[in-house]
Amino acid sequence: MEYTTLSNGVKMPMLGYGVYKIEPQECVRCVQDAIGAGNRLIDTAQFYKNEEEVGEAIKKSAVPREEFFIVDKVWITNSGYIRAKTSIEESLLKLQTPYIDLLLIHKPAGDYFGIYRAMEEAYREGKVRAIGVSSFNEKELREIYEFAEIKPMVNQVETHVFYQRKKLHECMEELGVKHMSWAPFAEGKRNIFENPVLTEIGKKHMKSSSQVCLRYMLQSDIILIPKSTHIERMKQNLDIFDFELDREDMEKLRELNEEKGISPVEISGFTGGLYYFFFKAKEFFNK
Ligand SMILES: NC(=O)c1ccc[n+]([C@@H]2O[C@H](COP(=O)([O-])OP(=O)(O)OC[C@H]3O[C@@H](n4cnc5c(N)ncnc54)[C@H](OP(=O)(O)O)[C@@H]3O)[C@@H](O)[C@H]2O)c1
């Protein structure tokens with residue numbers, strides 16, 4: 001495994017396992033398989049409704065807690081200082097852990113400045129080892145950076161070969177914020193696994209297109225959390241440290257960039273507001 005060091009000195013694995021859209025009834029088995037395959041970084045979120053299962057799988061494993069790196073995210077309906085603070089306590093209980101390794105604001109929607117203050121407090125209290133944001137564009141990242149007493153250490157944003165985020169990456173480098181990718185396989189969309197450039201480069205190195213995707217981002221200093229429910233794929237996704245892409249490969253992969261994400265709208269500003277009210281209404285009617 002390769003590691004990166006966050007701006008506060010915390011060591012974080014460059015590769016882990018994401019659990020978005022894994023059904024709770026399947027999640028314990030999946031996380032156990034992922035741990036068995038060698039993953040120690042697990043990325044969950046309040047929104048995924050599987051923090052309990054992640055906690056259970058970690059507890060059941062023979063691996064000591066300090067070897068894990070748990071990433072969690074505060075959801076937008078818990079925005080504002082008070083709700084965020086309560087939700088962090090709930091997440092700790094669900095995960096059955098006294099601390100979360102990295103806590104992120106899930107989306108820039110609702111009163112996310114209030115969430116940030118609650119996360120800073122949890123950080124000072126030792127309940128969180130590192131804090132950051134997710135899906136923040138350059139403007140939002142710079143704003144929160146200015147607002148922060150404890151600077152964000154990570155920005156987790158959609159990043160894959162078709163959406164490489166070079167400009168945002170430069171901004172993150174300037175601010176000392178680590179770039180973490182979500183959906184490193186574009187959720188399997190746009191025929192990514194059959195892409196001829198990826199498969200061709202894969203053949204050259206005797207690797208799969210998925211391994212080329214991950215290796216490209218690893219060599220671009222991007223933290224990765226691919227998701228799979230299949231153990232063979234989990235193993236394959238971890239097996240990317242024994243080959244290196246050369247300059248020519250990197251150039252070809254750079255050209256795959258369309259600078260376009262999988263979602264038709266970016267959750268930001270006005271759309272962020274709509275998104276927030278949609279989920280608030282949903283929460284209200286589900287009560
Ligand atoms: N911060 C955010 O707002 C945000 C948003 C989205 C995601 N995330 C995080 O990022 C993680 C990863 O993103 P994602 O789950 O959306 O999508 P992803 O990792 O880009 O893609 C997952 C898809 O790829 C398939 N797959 C995985 N490994 C494969 C392999 N080696 N060969 C062929 N197919 C493979 C999976 O199928 P199988 O499962 O059937 O193997 C699944 O259909 C999430 O789980 C979550 O933790 C964060």
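**Figure 1. Side-chain contact of Asn-155 with the backbone of Phe-136.** In this predicted model, a polar atom of the Asn-155 side chain lies 3.0 Å from the backbone oxygen of Phe-136. Asn-155 belongs to strand 8, which spans residues 154–158. The relative accessibility of Asn-155 is 0%, and the residue therefore counts as buried.

**Figure 2. Side-chain contact of Ser-228 with the backbone of His-230.** Ser-228 is found in the loop that runs between strand 10 (222–223) and helix 9. A polar atom of the Ser-228 side chain is placed 3.0 Å from the backbone nitrogen of His-230. With a relative accessibility of 6%, against a cut-off of under 20% for buried residues, Ser-228 counts as buried. Ser-228 is also listed among the closest residues to the ligand, whose surroundings are shown in the next views.

**Figure 3. The shell of residues around the ligand.** The ligand is surrounded by 28 residues, of which Asp-43, Ser-134, Phe-185, Ser-228 and Arg-233 are the closest. By residue class, the shell consists of eleven nonpolar, eleven polar and six charged residues. Helix 9, formed by residues 231–238, supplies the largest share of this shell, namely three residues. The space that the ligand takes up is the largest pocket.

Figure 4. For Asn-237, a polar side-chain atom lies 2.9 Å from a ligand nitrogen atom. For Ser-210, the distance between a polar side-chain atom and a nitrogen atom of the ligand is 3.3 Å. Pro-184 takes part through its backbone: a polar backbone atom of Pro-184 is 3.3 Å from an oxygen atom of the ligand. Of the 910 Å² of accessible area that the ligand has on its own, the protein covers 89%.

Figure 5. Gly-272 lies in helix 11, which comprises residues 269–286. The relative accessible area of Gly-272 is 1%, so the residue is buried.

Terms used. Residues are numbered from 1 along each chain as its sequence is written. This is a predicted model: local features need pLDDT of at least 70, side-chain atom pairs count only at pLDDT 80 or more; totals for chains, interfaces and linings use all residues. Side-chain values use heavy atoms; hydrogens and water are left out. A residue is near a molecule or strand if one of its heavy atoms lies within 4 Å of it. A polar contact is a pair of N or O atoms within 3.5 Å; within protein, one must be able to donate a hydrogen and the other to accept it, and residues adjacent in sequence count only if both atoms are side-chain atoms. Accessible areas come from the Shrake-Rupley method with a 1.4 Å probe; for residues, only the protein chains shown count as cover. On a 1 Å grid over the protein atoms alone, a cavity is a set of points where a 1.4 Å probe fits but cannot get out, and a pocket is an open set with protein on both sides within 12 Å along at least five of seven lines; lining residues have an atom within 4 Å of a point. A molecule sits in a cavity or pocket if more than half of its atoms lie within 2 Å of its grid points. Helices (H or I, at least four residues) and strands (E, at least two) are DSSP runs, numbered from the N terminus. Ala, Val, Leu, Ile, Met, Phe, Trp, Tyr, Cys and Pro count as nonpolar, Asp, Glu, Lys and Arg as charged, and the others, Gly among them, as polar. Buried means under 20% relative accessible area, exposed over 50%, partly exposed in between (1.4 Å probe, protein chains only).
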